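Please look over the structure below. A short report on selected features follows.

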Amino acid sequence: MTVLERFINYAKIHTTSDPKSDTFPSSMRQFDLANFLVKELKELGLEAEVDEHCYVYSKIPSNTDKEICPIGFIAHMDTSPDASGENVKPRIIENYDGNMIVLNKEENVVLSPDDFPSLKNYIGQTLVVTDGTTLLGADDKAGIAEIITAAEYLLSHPELEHGDIMIAFTPDEEIGQGAKYFDVKKFGATFAYTIDGGPRGELEYESFNANNASVSFYGRNVHPGSAKNQMINSIEMASQFHSLLPENEKPQYTSGYEGFYHLMSFKGNVDKTVLDYIIRDHDRDLFEQKKQTFIETANFIEKKYGKGSVEVNAKDSYYNMGEVIKEHMHLITRAKVAMEKNDVKAVIKPVRGGTDGSALSFMGLPCPNIFTGGHNYHGRHEYVCVESMEKAVKVIISIIDSFAKTKNNKN
Ligand SMILES: [Zn+2]
């Protein structure tokens, strides 16, 4: 089976995760794909199982007596709740001509190089697009298809020596829970790669440090007619707080390695107002400074309005995996060389977010991220280039080969 055929099979299975759910996995439908994958892996002759949390584990056993460190490949099964993932109807565009693609005539949804100039990179190649009513789910079903296709290749080429190759497919990545019940010990790899990036060549090993902070302001409501020197309006306290945060350190004014404070919601009345923020920075010191600034600003408002009038609840959610991976830079070199070997130019850039790899790296499994070949994730304009998917398969095989061929393969 080709990587494209596999991808189409998976894309049709509805696996949207649900941020409002309190079960794990957040939607039971993710088991549909998990069970499908277990069956497919078994048909290839591999051991495979899905556990009670909907994690799929499998393994291609080493085919040599050589001592080679076990490595893993990971992709996620859920799709983003930001767009419908039900009844996905992938459409294949062969020999793309560089013009606008009409995704849905009735709803007037088009995929145009004017809006998405990267389309121009794929003239003459094959694209998979949506019917304009759902996302496509190349994020991350393309990654799953690439890993399994690489596995099939290894199994049919026993002359290629390799160590133990571990495979895992995770649920709930899109709602930030993908690593929650990941069993690093059972997985058994020393290093792994997530195949969950975007366009051809993407290679990522630095993510944000992340904190979710909510701050509550308590006012005092009095009839407005007799409010003089009595009323404290918590909405105004909250606006003062927000205006004191650095104006230029917001998502809309930052890029690359620049961090930010992002006000996500502002809910309140005179009595009580709650602001929810996310605080992000790649640099750990700047990250700590940002959290400090946030707390000092809250303290300043509290001093003004009295003890107990402001309350901060902040929690770190993940850290920059670069801190861990910098100790194992051979992982990046290997991926880069593997790409070059397959005529793919590596594009290394910091992730302005997190991946499962961010959490996994801190759980003891250093885990950079590699491209799948997809674009415009989480929406109706999502598409994937089939030639990029084929390149990803080759890059996976070349990485495996790199571990098999180098003596000093542990650092
Ligand atoms: Zn993803």
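## Packing of a helix, a sheet and a metal site

The buried residues of α5 pack against β11 (209-218), β12 (260-268), β13 (272-281), α6 (284-305) and β14 (310-318). Contact means heavy atoms within 4.5 Å. Helices (H or I, at least four residues) and strands (E, at least two) are DSSP runs, numbered from the N terminus.

This is a predicted model, in which local features need pLDDT of at least 70 and side-chain atom pairs count only at pLDDT 80 or more, while totals for chains, interfaces and linings use all residues. Residues are numbered from 1 along each chain as its sequence is written, and side-chain values use heavy atoms, with hydrogens and water left out.

**Helix α5.** Which residues of helix α5 (residues 234-244) are buried? They are Ser234, Met237, Ala238 and Phe241. Seen down the axis of α5, these buried residues fall within an arc of 95 degrees, so they line one face of the helix. The arc is taken from the directions from the helix axis to the C-beta atoms. An α-helix has 3.6 residues a turn, so residues three or four places apart point the same way. Asn233 caps the N-terminal end of α5, with a side-chain oxygen 3.0 Å from the backbone nitrogen of Ile235. A polar contact is a pair of N or O atoms within 3.5 Å; within protein, one must be able to donate a hydrogen and the other to accept it, and residues adjacent in sequence count only if both atoms are side-chain atoms.

**The sheet.** Eight strands form an open sheet with mixed pairing, in the order β1-β2-β8-β3-β9-β16-β10-β15. β1 and β15 (347-348) stand at the edges, each with a single partner strand, so one side of each has no neighbour in the sheet. Two strands pair if DSSP finds at least two bridges between them. Strand β2 (residues 56-60) joins antiparallel to strand β1 (residues 47-50) through four bridges. Five bridges join β2 to strand β8 (residues 165-170), also antiparallel. Val56 of β2 has Val50 as a bridge partner, and in β8 its partner is Phe169. β1 and β2 form a hairpin with five residues between them, and Cys54 in the turn has a positive phi of about 80 degrees. Four of the five residues of β2 are buried.

**The zinc site.** His76 (NE2), Asp139 (OD), Asp196 (OD) and Asp196 (OD) coordinate the zinc ion at 1.9 to 2.8 Å. Asp139 lies in helix α3 (residues 138-156) and Asp196 in the loop between β9 (191-195) and β10 (202-204), 57 residues apart. Donors are N, O and S atoms within 2.8 Å of the metal (3.2 Å for Na, K and Ca); water is not among the atoms, so sites may look incomplete. The four donor atoms subtend angles of 51 to 146 degrees, which makes the arrangement irregular. Four donors count as tetrahedral if all angles lie between 85 and 135 degrees; four count as square planar and six as octahedral if opposite donors are over 155 degrees apart and all others between 65 and 115; anything else is irregular.

**Accessibility.** Buried means under 20% relative accessible area, exposed over 50%, partly exposed in between (1.4 Å probe, protein chains only).

| Residue | Relative accessible area | Class |
|---|---|---|
| Asp139 | 6% | buried |
| Asp196 | 12% | buried |
| Asn342 | 12% | buried |
| Glu296 | 46% | partly exposed |

**Asn342.** Asn342 sits in the loop between α8 (330-341) and β15. Its side chain reaches the backbone oxygen of Ala338 at 2.8 Å.
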